[in-house]
Amino acid sequence: MKKIHAWSTLPIVLMLALLAIGPVSAAETGNDRCLSCHANKDIIKRGGELLYVDPAMYAVTSHSAIGCNTCHDSVRSTHPDDGLKSSRASCKDCHSTIQSEYAASIHGGKATCNDCHNPHEVKPLIAVSGSDINAKCAKCHNLGKIVKSHDKWLPQADLHIDALPCVTCHTSSQNYVITMSIQKRQSGNTQFGEFKPATHQELAAFNPVNGDVSRLIDKNGDRLISLKELRDFNYEVRKKDMRLWGMMMPEVATHSFQILENRWDCSFCHASGPKAMQKSYMAFPDNSGGYTRMEVESGAILDILYGTPDFYMMGSTRSTALNIVGALIIAGGLMMPIGHGTMRFLTRKNRKEH
Amino acid sequence: MKHTEYVYLTPMPVRIWHWLNAFGIVTLTITGINIRFPDVLNIFGTYKSAIVLHNTAGIVVSISYTLWLLYYMFVAGTLAKLYIPTMNDIKTGIIRQAFFYFFQYFKGGPNPHHGTPDNKFNPMQKAAYLVIMLVLLPLVIISGIILMYVAPLREIIMVIGGIKTLVSIHFLIACCFTAFLFVHIYLATLGHTPLAYFKPMWDGWEKVEHAHGDPHGDAHGSSHDKAPDNDHAVKSAASIGAA
């Protein structure tokens, strides 16, 4: 039997101890003291952008819960007068599994964790929009070049890249969800198209109930968006130069960046069938730059006209109602050979007599 | 006594146009079914092959349609005359023709329409081809082209009411074409023999039987003995190619 070292149980003991104490507030961890200087933009002039921490964005990160001192443990009460540079924890100190997965991927040697994730703003996958993810990728990967390289094999590459975060195909999550967000027309911006995700401030300007932007769609406040609420919103939203935009998001985030063989096959996504397209979410921007996800009534993605008018995945989001209408039209055409043909056969003698 | 004559009824360009269209539309229908129901049907190996083939056939049919339209509008100048029903057609012609197809034909009665080169379609054909050639085909072509370039044409799609509206229009018109295909092929079997109308559309030559001593009379008079709508049928064969 494998021997368990006492030191290997230390993280578990520490975690249990933290749980026993209860949730750690920012004030208790001493974050406020740090933020009194680092949340002030004047610090950028003194030491560069890296020193600035957006307090609203930081407050919702898991890192704020463990406190500034956990990663910057060399900082003493004499900081910054002591002139010592503060220490920085390495990401792998806590995220060693992700680090190993990432290091083994084709992206491992190309960028560090910090190139994509700002530890003071980092959010879980469900709080990030597909456009935000692609904006990170676009820091190194030129959008035009990406479209061009995908265009060699992928029909309508520009459309795919608009509707998919890169990680949907280039990491190994096996399940996906359709997440919709509200986009607003931005005049004068052509790099990512004319529509961009609406910010919390832009939506708050429409005076939603209790200042809660989700109430712009979820009118009854039951935290579930019904098809009727979706239709009503779509009807109103056109006049306000906004639209609902759907993206196919991975259900879990992995860091195994790779070129997956099965993604060359269009049927990986397009032949999943309408049953796989029942569930969808609406992501509302919050004032920390992240998103809060709300469930949408089952089947909204398949609604023909007003459910998600600008989201359609060939083969997968087809409407059953429309299929029935189409089948009736074809059946009408078949009535001629079947009905007329039968009568023709039965009355063949009449024509011979003439 | 009868003698048989062959008439060069369908010129080669018309036949090429017809079969190119026929092949294109059948390809579009089959690939279209594959594209809409990939989880149920996979005929072309990969989904992408079905899409590429669908797009290619769509472009071929679009070019072919444009040439047809330009020819009838500006070269022949007979588009309005051939395809727009007259007041008489609307008031009585369509009803009379429908009465023939669904009643008189079974009793062995004669076809009320006798085609001439200037009026080769019967009133029902005129109405059907007007809708098919000048409404449905342009709509399915335009919606198809927009669907091939969704990202660049997003603004147009938003004006239409969203990509789902566009896809629905494209799909329902495609169903109308599939329905028409069955009707079209069936009606083409109404000649004096079931394949009588297919042959001239393939090799151009129509077999015409004359009563002895009446080579210039009713060209299909003798055939009327067997098929009373034969005169209409010969003209219809020409019209099938022309439409």
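At 43% relative accessibility, A:Lys219 counts as partly exposed. The side chain of A:Lys219 forms a salt bridge with that of A:Glu236, with N and O 3.8 Å apart. The model is predicted, and it holds 11 salt bridges over all chains.

- A:Glu236 is partly exposed, its relative accessible area being 28%.
- A second salt bridge joins A:Asp212 to A:Arg223, where the closest N and O atoms are 3.4 Å apart.
- Both A:Asp212 and A:Arg223 lie in the loop between helix H13 (200-204) and strand E3 (224-225) of chain A, 11 residues apart.
- A:Asp212 is partly exposed at 28% relative accessibility, and A:Arg223 is partly exposed at 47%.

- The side chains of A:Arg231 and A:Asp303 form a salt bridge with an N to O distance of 2.9 Å.
- A:Arg231 belongs to helix H14 of chain A, and A:Asp303 to the loop between strand E6 (291-296) and helix H16 (320-346), so this pair connects parts that are 72 residues apart in sequence.
- A:Asp303 has a relative accessible area of 13% and is therefore buried, the cut-off being under 20%.
- A:Arg231, by contrast, is partly exposed, with a relative accessibility of 35%.

**Network involving chains A and B**

- A network of salt bridges links A:Arg185 and A:Asp241 with B:Glu155.

**Packing of helices H1 and H2 in chain B**

- Two packed helices are described by the angle between their axes and the distance between the axes.
- In chain B, the axes of helix H1 (residues 12-36) and helix H2 (residues 47-75) come within 8 Å and cross at roughly 150°.
- The crossing of H1(B) with H2(B) is left-handed.
- By class, the contact of H1(B) with H2(B) comprises 13 nonpolar and 9 polar residues, with no charged residues.
- On the H1(B) side, the contacting residues include B:Trp17, B:Leu20, B:Gly24, B:Leu28, B:Thr31 and B:Ile35.
- On the H2(B) side, they include B:Tyr47, B:Ile51, B:His54, B:Gly58, B:Val61 and B:Trp68.

Definitions and conventions:
Residues are numbered from 1 along each chain as its sequence is written. Chains are lettered from A and ligands numbered from 1 in the order in which they are written. This is a predicted model: local features need pLDDT of at least 70, side-chain atom pairs count only at pLDDT 80 or more; totals for chains, interfaces and linings use all residues. Side-chain values use heavy atoms; hydrogens and water are left out. Axes are lines fitted to C-alpha atoms, for helices over the stretch in contact, and angles run from 0 to 180 degrees between N-to-C directions. Helices (H or I, at least four residues) and strands (E, at least two) are DSSP runs, numbered from the N terminus. A crossing is left-handed if the near helix is turned anticlockwise from the far one by less than a right angle, and right-handed if clockwise. Contact means heavy atoms within 4.5 Å. Ala, Val, Leu, Ile, Met, Phe, Trp, Tyr, Cys and Pro count as nonpolar, Asp, Glu, Lys and Arg as charged, and the others, Gly among them, as polar. A salt bridge is a side-chain nitrogen of Lys or Arg within 4 Å of a carboxyl oxygen of Asp or Glu. Buried means under 20% relative accessible area, exposed over 50%, partly exposed in between (1.4 Å probe, protein chains only).
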